[in-house]
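Visitor: I have the model open beside its sequence. Could you walk me through how its parts are defined?

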Amino acid sequence: MKTIEWKEDGVYIIDQTKLPHQLTIIKCEDYERIAIAIERMEIRGAPAIGVAAAMGIALAAKKVASGSLEEIRIELNKAWHRILRTRPTARNLFWALERMRAAWSSADSPSEIVKNVIEEAIKISEEDVAACRAIGKFGAELISDGDRILTHCNAGGLACVEYGTALGVIRAAHESGKKIFVYASETRPMLQGARLTAFELKIEGIPFKLITDNMAGHLMQKGLIDKVIVGADRITRYGYVFNKIGTYSLAILARAHDLPFYVAAPISTIDLNVTPDNVIIEERDQNEVLYINNTRIAPEGVEALNPAFDMTPGGLVDAIITDKGVVRPPYDFSLLLRQGH
Ligand code: MRU
């Protein structure tokens, strides 16, 4: 089953806020519904957000297909800026939007615009499936039989179109017959690990245990973890990795215990045009921290911080597994990107 799918009558997404208890599908018929789905994290994970953004633009074009060239371009611009504002950290969203703008800019009739943007959105989605398979193939070579692997957040099929990045590596290693064991950290405050990674690992039949975020150091000290592998929302020059809050702490812990720390991401996550200081780390509503399942857990009047991501310097990352191959320090992605898009 795909996390997001383009169909004749709309874009269908799995509502990730309802998982693991309910498997609900949302039908998005316009770009505003897509934008809301990204903001509410009904769809989340960097690659999936990119695909959703692209499909949002395609929906916008379809809606005004009978308009003039000028009208379509105005509407597409509106949709583009609306989707651009949804979430600031994942590079894939901006990357997909740039590709969609290029797809409509080169067309000179309304029908050609509609055709181009729909084709491009579907292409971005199909490319993600292939990229995750490639990441899985390259990454599985870094996994040994018997490895006990810690992963954080959800970088699985639900964060992409179907296979996953960090979880794609885990999945590929498992499929190749290696006996591995996974520790999935619950990932406060939105619990992507407990709700989504646990859901996926269970379905795949990969042996695992769920842990709270604060157990990682203890498990490493006890010699129960061999490797850490996570996804990424944005990777800048020299391998600075922006990923789910808590990733940096895990990288520090891994280094302190002399354990390999790997990041898996498609090249659409790499952004050579920013410095780490310029990447916006999304600050989400403090109520996500103050409440669990609509029950307030802190005293009234208490305020909370809620940065959704953090930055791990490349010096703490032993390898970055991309769809074009494994990159090791010192991180230089320029050749890789030239071969890509
Ligand atoms: O806030 P989220 O759930 O969108 O954050 C997701 C992550 O941080 C993932 O690790 C990242 O997007 C990589 S997903 C393949």
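Visitor: How far apart do the C-alpha centres of domain 1 and domain 2 lie?

Guide: In this predicted model, those two centres are 25 Å apart. The domain assignment places domain 1 at residues 4–133 and domain 2 at 136–338.

Visitor: What makes the two domains count as being in contact?

Guide: Contact calls for heavy atoms within 4.5 Å. By that rule, 28 residues of domain 1 touch 34 residues of domain 2. About 2700 Å² is buried between them, with carbon and sulfur atoms giving 56% of that area. On the domain 1 side, Thr-89, Arg-91 and Arg-133 lose the most area, together 24% of what that side buries.

Visitor: Why is the meeting of Glu-282 and Arg-87 called a salt bridge?

Guide: The cut-off from a side-chain nitrogen of Lys or Arg to a carboxyl oxygen of Asp or Glu is 4 Å. Glu-282 and Arg-87 have an N to O distance of 2.8 Å, so the pair qualifies as a salt bridge. Across the domain interface, the rule finds one salt bridge and 18 residue pairs in polar contact.

Terms used: Residues numbered from 1 in each chain as written. Predicted model: local features only at pLDDT ≥ 70, side-chain atom pairs only at ≥ 80, totals over all residues. Heavy atoms only, no water. Domains from an automatic or database assignment. Buried area = accessible area lost by both parts, 1.4 Å probe. Polar contact = N/O pair within 3.5 Å; in protein donor to acceptor, adjacent residues only side chain to side chain.
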